[in-house]
Amino acid sequence: MSMDTRDVFADAFERVRQGVGRVTDGLDTDALAFRPDPDANSIAWLVWHLTRVHDDHVAEIAGREQTWTSAGFHDRSDLPFDAADTGYGHSREQVGEVRFDDPQLLVEYHEAVVAQTRSYLETIDAEELDRIIDRRWDPPVTVGVRLVSVINDQMQHIGQAGYVRGLWERSRAAAET
C-alpha cells in the first residue's frame, strides 16, 4: 500500500492532534495557564494559537467558515478577543488572558478543527495543491505550501507546549519537596 499526498498531510495533522492530547492530558485550568516567565507563552495559549491558525488557514483555502465560530467555540470559550483573533502578535497581557475554565473545551476545539481538515483533505488532488491562494509572495503561495506552513507552525508550537509542560512538572515537583 502506498501513501498519496492526502495521506501524508493527514498523518502530519494527526501527529499534532496526538501531541495536543499528550501535552494537555490531566492538566487543569491553572496548569494550562502556567507561564515559566511573565513573557512566556502558556500551554493554553500555545495550543489555542496553533489551533486558531490551523482553523483560520484551512478554512480559508477550503472556502468554509472557521470552526471557531461555526461550532460555537468562540462563544463557549469566553475569551476576550474578537472572533477573528488567532493570537498572532499578542502581548504578554493578552497571552495571560487565554484561560479555559473547562480545559476539555480546548481539546474539543482542536479535535473539531482536525475533523474539518480531514474532510477537506479528502477532496484535494494535485490541481488543488497547486492552486495559488496568495500572490503577495514570490513565488506565490499555493494550497500545498500553505498546508506545509500550517503543519510547520503547529509542530513548533506543540514542541514549545511540551517544553512548558516539562517546566510546569519540574516546578510542581520542586514545590512538593
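A word on the source. This is a predicted model, in which local features need pLDDT of at least 70 and side-chain atom pairs count only at pLDDT 80 or more, while totals for chains, interfaces and linings use all residues. Residues are numbered from 1 along each chain as its sequence is written, and side-chain values use heavy atoms, with hydrogens and water left out.

Now the rings. There are 4 aromatic pairs in the structure; rings of Phe, Tyr and Trp (its six-membered ring) pair if their centres lie within 6.5 Å, and planes under 30 degrees apart count as stacked, over 60 as edge-to-face and the rest as tilted. One of them joins Trp48 and Phe81, tilted, with 5.6 Å between centres and 35 degrees between planes. Trp48 sits in helix α3 and Phe81 in the loop between α5 (73-77) and α6 (92-96), so this pair ties together parts 33 residues apart in sequence. Helices here are DSSP runs (H or I, at least four residues), numbered from the N terminus. Both Trp48 and Phe81 are buried.

Trp68 and Tyr109 also form a tilted pair, with centres 4.7 Å apart and planes at 50 degrees. Trp68 is buried, at 2% relative accessible area. Ring pairs link Trp48, Trp68, Phe73, Phe81 and Tyr109 into a cluster.

Last, α3: 16 of its 20 residues are buried. Ala62, in that helix, is partly exposed at 29%.

Notes: Helices (H or I, at least four residues) and strands (E, at least two) are DSSP runs, numbered from the N terminus. Buried means under 20% relative accessible area, exposed over 50%, partly exposed in between (1.4 Å probe, protein chains only).
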